[in-house]
Amino acid sequence: PIHDREGRVIGFGGRSLDGSNPKYINTAATTIFDKRATVYGLHMAASSIRDDDTVIIVEGYMDVIAARQHGYANVVASMGTALTEQQVSRLKSQATRFILALDPDVAGQEATLRSLESAWHELDRTPLGRRESVDLRVAALPPGRDPDELIRHNHEEWEGLISDAVPFMEFLIPAIASRYDLTTGRGKAAAADVVLPLIISTVDAIDQERHFRMLAHTLSVTQDALKASIGSLRPRRRSRTGGGNSHSEHRGAGVSPFIADTRDQLEEYVLALLLQMPELKELVEAVEPEQFLRTENQKVFT
């Protein structure tokens, strides 16, 4: 059973026991069950989260169940998806310290990066009258080890990973940078395209300046070059509620000081061929999404 914040059953989740796919399946969306707005296990974890002022966010049901069975009561799940702004909104009144401990496989890494962006935009909207700063961290799980396995078989390692969770930007900047060829202006521009919108949405000026320095060092560019690129950012999408709140706007780089044109005609041509001629897909089975430099091209290819 899947419960709402008050402990009322609003849906169900099932798991395949014979290896067939899909591995997990939920109740279809209803007027009372919105997967994107539901936090699994929150009805049981809320008091521990408030007491510890810390919430640990994992990906799946079994991770939460294992945590609960072994005495870790402040663990909840994002329903098998990237953490959404709606889920963060439900959690941020409970704690000021958030730790993301998502699966270390490729899909888990993608979910972590999407979760970080969603969480950052929502957490950075500090409620009026609340002075505490939000501490968003990432627990880097070892390859091939999900939270369920770690908790059941090596709880000391689990506790160490949670204790050593690194601040959001310290995880995000190297993770994003590793996906691009930073020996080229195009690669640097693409990495900056992803990270800069999050940096400029940071409310605290001291934190923002520290993040600028970290990104500039990682990309081997000057802070002046990074800051010059801010003027060329253009709106990507606005909040559904409208208005001009700068935190509600996700932004992407337009003309970059690192490179005049960040589009890649070869990548776009390859994608166009694959979309128009599906029989070509078997020719690119060995190609990894990360071989495309532009984030949007990686998503289209996937």
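# Briefing: sheet, cores, a helix and salt bridges

Five strands make up an open sheet in the order S6-S5-S7-S8-S9, and their pairing is mixed. The edge strands are S6 (75–77) and S9 (166–167), each of which pairs on one side only. The model is predicted. Its chain has 302 residues, of which 46% count as buried. The secondary structure comes to 12 helices and 11 strands.

**The chain as a whole**

- The chain exposes about 15900 Å². Carbon and sulfur atoms supply 52% of that area.
- Take the contacts between residues at least 6 apart in sequence: 62% of them join residues at least 24 apart.

**Pairing in the sheet**

- S7 pairs with strand S8 (residues 135–138) in the parallel sense, over four bridges.
- Opposite arginine 97 stands aspartate 135 of S8.
- Phenylalanine 98 has leucine 136, in S8, as its bridge partner.
- S8 also pairs with S9, in the antiparallel sense and over two bridges.

**The nonpolar cores**

- In soluble globular proteins, nonpolar side chains tend to be buried together.
- The largest nonpolar core of this model has 36 residues. Val55, Ile57, Val76, Leu91, Met169, Leu215 and Leu226 are the residues with the most contacts inside this core.
- Several elements give two or more residues to this core: the helices are H1 (42–52), H3 (85–91), H7 (168–177), H8 (185–200) and H9 (205–219), and the strands are S5 (54–58) and S7 (97–100).
- H8 gives the most to this core, with seven residues.
- Another core lies apart from the largest one and has 24 residues. Among them are Ile10, Val75, Leu150 and Ile151.
- Which residues does methionine 169 touch, not counting residues up to four places away in sequence? Methionine 169 touches Pro174, Val195, Leu198, Ile199, His211 and Met214.

- Helix H6 covers residues 155–163, and its residues Trp158, Leu161 and Ile162 are buried.
- An α-helix has 3.6 residues a turn, so residues three or four places apart point the same way.
- Glu156 and Ser163 are exposed, on the other side of H6.
- The buried residues of H6 pack against strands S5 and S7 and against helix H5 (147–153).

**Salt bridges**

- How many salt bridges does the structure hold? The structure holds eight.
- Arginine 8 and glutamate 6 form a salt bridge in which the closest N and O atoms are 3.2 Å apart. Arginine 8 and glutamate 6 are both exposed.
- Arginine 145 and glutamate 149 meet through their side chains in a salt bridge, at 3.4 Å from N to O.
- Arginine 145 has a relative accessible area of 22%, so this residue is partly exposed: the range for that class lies between the 20% limit for buried and the 50% limit for exposed.
- Glutamate 149 also counts as partly exposed, because its relative accessibility is 31%.
- A salt bridge also joins arginine 210 to aspartate 207, and here the closest N and O atoms are 3.0 Å apart.
- Arginine 210 and aspartate 207 both lie in helix H9. They are three residues apart, which is about one turn of the helix.
- Arginine 210, with a relative accessible area of 36%, is partly exposed. Aspartate 207 is partly exposed as well, with a relative accessible area of 26%.
- Salt bridges that share partners join Asp4, Glu6 and Arg8 into one network.

Note on methods:
Residues numbered from 1 in each chain as written. Predicted model: local features only at pLDDT ≥ 70, side-chain atom pairs only at ≥ 80, totals over all residues. Heavy atoms only, no water. Core = buried A, V, L, I, M, F, W, Y, C linked by side-chain atoms within 4.5 Å. Buried < 20%, exposed > 50% of the residue type's maximum accessible area, 1.4 Å probe, protein only. Contact = heavy atoms within 4.5 Å. Areas by Shrake-Rupley, 256 points an atom, 1.4 Å probe, with all protein chains shown as cover. Salt bridge = Lys/Arg side-chain N within 4 Å of Asp/Glu carboxyl O. Pairing = 2+ DSSP bridges.
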